[in-house]
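Thanks for coming, everyone. Let me put the model up, and then we'll walk through it.

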Amino acid sequence: MVHGRQGMKLEALKFSIYIIVPIGASMAFNEPIVQQVCADYFQFLKYPASPNINLREEFEELQEKRQKEKEAREAYADQIRKLQESAQSKREIVEAVGGGGGEERKGWFRW
């Protein structure tokens, strides 16, 4: 650190740089033309490729796709439900025949 008058001048220079740089940057980059150029350059706003896109057709396609997905989910749920019912009925048959005759199953190898 420099002492004396030179140190004071150095500190004044550093302080003025700390103050002038942010103020100058905000003045320079806050101009509407500069903001427009930056927005165009960095592409902050992206628009569709063609303004003549028929949104109704896209919306109908999305609705059809969602309807097909919903039907597929319902079919899958029905299959799972049928599998669970058949498994439950088989368990009931095994228990009725006497397969579950009071012995406790501990694992695959009955250890």
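I'll take a helix, then its charges, then the salt bridges.

First, the ground rules. This is a predicted model, where local features need pLDDT of at least 70, side-chain atom pairs count only at pLDDT 80 or more, and totals for chains, interfaces and linings use all residues. Residues are numbered from 1 along each chain as its sequence is written, and side-chain values use heavy atoms, leaving out hydrogens and water.

Start with helix H3, residues 55-97. Helices here are DSSP runs of H or I, at least four residues, numbered from the N terminus.

Now salt bridges. The rule is a side-chain nitrogen of Lys or Arg within 4 Å of a carboxyl oxygen of Asp or Glu. The count comes to two.

One joins Arg 81 and Asp 78, at 2.6 Å, N to O. Both lie in helix H3, three residues apart, about one turn. Arg 81 is partly exposed at 42% relative accessible area; partly exposed sits between buried, under 20%, and exposed, over 50%, with a 1.4 Å probe and protein chains only. Asp 78 is also partly exposed, at 35%.

Lys 14 and Glu 11 form a salt bridge too, at 3.3 Å, N to O. They are three residues apart in helix H1, residues 5-29.

Notes: Helix = DSSP H or I, 4+ residues; strand = E, 2+ residues; numbered from the N terminus. Expected span 1.5 Å × (residues − 1).
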